[in-house]
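Student: I have a model open and want to go through it piece by piece. Can you take my questions as they come?

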Amino acid sequence: MADEFLPLLGINVIDNAENDEDSSSSDDDENDLEEQNIDVDEEKEDDDENSNGENTNNTRRLQSITFDTSLPGTHSYLGDDLEDISGRTIYDEDGLVSLPLIKLPGMVLVPGQTIPLTLFHQHVVAMMKEVKDSDKTFGVVAYRYLENEEGSPTTANIGTTAEIFSYKDETDDQTGLSSASLMAKGRQRFKVVESRRTNTGILMAKVKILKERMLPEFLEGARPPSHCKFCCNPVEQDPMEQTAVDREGKVIANVSYVKNRQESVVQRMKQKLNKWNETLQADKLTNDPIELSYWVCQNLPLDDSQRLNLLSLDSAVQRLRCALSIMEKCSVICCRECKTHVALTNDVFSLSLEGPLGAYVNPHGHVHETLTVYKSQNINLMGRPTKEHSWFPGYAWTIAYCRRCTNHMGWKFTATTKNLTPQKFFGLTRGSVTPGMQQTDELTDGDTWMPTM
């Protein structure tokens, strides 16, 4: 099992890739994973064959999924002895609160998202026990989401509160060291005002809970209050178009505007999601713009800076518009390091009730936000499939890395039984991918594209 994690540490990646260049056997039809040997070259050929033409196998995308999509959200690999914790803590919006913080590399928690954690550091385990016995809430901020000019790691100043709803801790009899496993739900956005380290090494911060704000109607700020008496009753007018008129119905101001309708933005987003892949079942998603904006923010393959930019916006309409402008420019998913294309956006599909992108934790405590795609390209595999600690019960995983730069990209999951569909898919870790943005002719040299708010 130790050999399976060598690519994650950057050990023997190049050598194995060179050795695997000579392999040429084919085993795609074999389902007995106990005897299966997967060579890198055969997977390269299989991926290249599938990537030629993005619409050559639409039935594969629309096939019925026999896998129980409720299983990934249970995180059964953590064990079945976690204690359920009830209760709910809601902080006042725009209020200042003091929270213990956890910094996670490559993890940007979104309200409504479930995050599993496996903790080994003794001071963090002790802190989490205190949190569980109090208000069950701590803060999560992203770590190293960008590099500053000095090249030192940077901590984001935007984060999300996380509320524990399932927990267990264990103590090793021989060493006396404690560990904890838990699941928490993202609740409220916050901005870090100031932070400090306690004597025990815990990161405490004073944070401001960010408020959800509603955008006003167009020209509301420019219209004098004295003119309001000349406006028609909004109930008697078309909700999309309103004009200031006098009591006789004559236009006194040539001001015809389109109201900022949340419903139209929500419908545009659902239509766009359906174009990506019908298995996302966008029609079944919530019509609440706030909840939908967080679902989109969680499930789009954005890099850390893009996701943090969305979280910093206080309006759900602005978050949805910003996400729409990114989706319209993005058609491929690329390796973050070398920008090689690794997947198409219309290959994204949901294998979990929470959506196509979910957070999972490995045995060493590292959290990976993993995006499920039907197929991938420019990917090499390392090692043999294993079912140990699989995030998707019934599937065995194989480490996958970028063919060009050997950056760890995620895993290939292969069904261990013939009655599971899809028979294979890829899980790309969000920290290793970035959306490929189409170039526009409107930009001049030195300009960078910015999403629409």
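Tutor: In the protein chain, 65% of the contacts between residues at least 6 apart in sequence join residues at least 24 apart; contact means heavy atoms within 4.5 Å. This is a predicted model, where local features need pLDDT of at least 70 and side-chain atom pairs count only at pLDDT 80 or more, while totals for chains, interfaces and linings use all residues. Residues are numbered from 1 along each chain as its sequence is written, and side-chain values use heavy atoms, with hydrogens and water left out.

Student: How many helices and strands does the protein chain have?

Tutor: There are 8 helices and 18 strands. Both are DSSP runs numbered from the N terminus: helices are H or I with at least four residues, strands are E with at least two.

Student: Next, S166. Buried or exposed?

Tutor: S166 is buried, because its relative accessible area is 3%. Buried means under 20%, exposed over 50% and partly exposed in between, with a 1.4 Å probe and protein chains only. S166 belongs to strand 5, residues 153-171.

Student: What is S166 in contact with, leaving aside neighbours within four places in sequence?

Tutor: L82, E83, D84, S181, L182 and M183. S86 is 80 residues from S166 in sequence, yet their C-alpha atoms are 8.6 Å apart.

Student: Switching to helix 5 and helix 8. At what angle do the axes cross?

Tutor: Roughly 30°, with the axes of helix 5 (residues 262-276) and helix 8 (residues 316-329) coming within 10 Å. Axes are lines fitted to C-alpha atoms, for helices over the stretch in contact, and angles run from 0 to 180 degrees between N-to-C directions. Helix 5 and helix 8 are therefore roughly parallel, a label for angles under 35 degrees.

Student: Which residues make the contact?

Tutor: On helix 5 they include V265, M269 and W276, and on helix 8 they include L320, L324 and M327.

Student: Where does D94 lie?

Tutor: In the loop between strand 1 and strand 2 (96-105). D94 also has a positive phi, near 70°. At 34% relative accessibility, D94 counts as partly exposed.

How values were computed. Parallel < 35°, antiparallel > 145°, perpendicular 65-115°, else oblique.
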